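Good morning. Please have a look at it first.

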Amino acid sequence: MNELLPVWRGLDVWRAEAASVAPIGTRLFANGNQLGVEPRPYRLTYDLRTGEDYVTEELRVKAWSGGWDRELVVARSAEGGWSVDMVERGEGAPAWQEPPTDGLSDALDCDLGFSPFFNSMPVLRHGLHEGGEAREFVMTWISVPDLAVRRSEQRYTPVGAGTVHFTSGDFSADIHFDEHGLVSLYEDFLERVAANREGGSR
């Protein structure tokens, strides 16, 4: 799989994301940009680096909204411990609460709010877009645009034809993945509008 440049748009509200995804074996290096209007207008950038088996090593996120910006560095050590560092500037940012890092010790992945890209890591690790049994995961969830960090329990159930049924709390949806494990459709939420390889070929 060569570097891909997927672009997604929202189906529920106006939202857009573009990413550059570069896999090396079972490692991923990705950066992306996201724009949205809810819960408030914002723009956001992220850089993700994973280790083997697509396990998160470091995620850097920066969000801008209404006179303030907040930058987050979330890292997972080889021993499974998580660290979270935050810097903010300006005035009017939502109140910051220290994340429950002790409750994240069994998480392997980050999940960034409103982003379809971050569903790919557990799917690629276990080949869920190709089938298999339902699996439950703990995620280091990062909400957008305030970048609050918390524990999120999620269940992925393959239902065939590249589709995985996703549930977390009271929310559920079918997510469609392509052969590379990237989201093509997140029903009633997001759809991919392009997935060009570097250089412009499909």
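Which residues form a nonpolar patch on the surface? They are W14, L35 and V37, with about 290 Å² of accessible area together. Before I go on, this is a predicted model, where local features need pLDDT of at least 70 and side-chain atom pairs count only at pLDDT 80 or more, while totals for chains, interfaces and linings use all residues. Residues are numbered from 1 along each chain as its sequence is written, and side-chain values use heavy atoms, with hydrogens and water left out.

A patch here takes residues with over 30% relative accessible area and no salt bridge, joining like charges within 9 Å and nonpolar side chains (Val, Leu, Ile, Met, Phe, Trp, Tyr) within 5 Å. Areas come from the Shrake-Rupley method with a 1.4 Å probe, and for residues only the protein chains shown count as cover. L35 has a relative accessible area of 40%, so this residue is partly exposed; buried means under 20%, exposed over 50%, and partly exposed lies in between. L35 sits in strand β3, residues 27–36. Strands (E, at least two residues) and helices (H or I, at least four) are DSSP runs, numbered from the N terminus.

Now the strand pairing, which requires at least two DSSP bridges between two strands. Strands β8 (residues 109–112) and β9 (residues 135–142) run parallel, joined by 4 bridges. In this pair, C110 stands opposite T140 of β9. With helix α1 (residues 120–126), β8 and β9 make a right-handed β-α-β unit. Right-handed means that, with the strands pointing away from the viewer, the path from the first strand over the helix to the second runs clockwise.

β9 also runs antiparallel to β10 (residues 149–160), with 8 bridges between them. One of the partner pairs is I142 with V149 in β10. The hairpin of β9 and β10 has 6 residues between the strands, and L147 takes a positive phi near 60° there.

Last, the charges. A salt bridge is a side-chain nitrogen of Lys or Arg within 4 Å of a carboxyl oxygen of Asp or Glu, and the count comes to 14. One of them joins D69 to R89, with the closest N and O atoms 2.8 Å apart. D69 in β6 (residues 68–76) and R89 in β7 (residues 82–90) are 20 residues apart, so the pair links distant parts of the chain. D69 is buried at 12% relative accessible area, whereas R89 is partly exposed at 35%.

Terms used. Buried means under 20% relative accessible area, exposed over 50%, partly exposed in between (1.4 Å probe, protein chains only).
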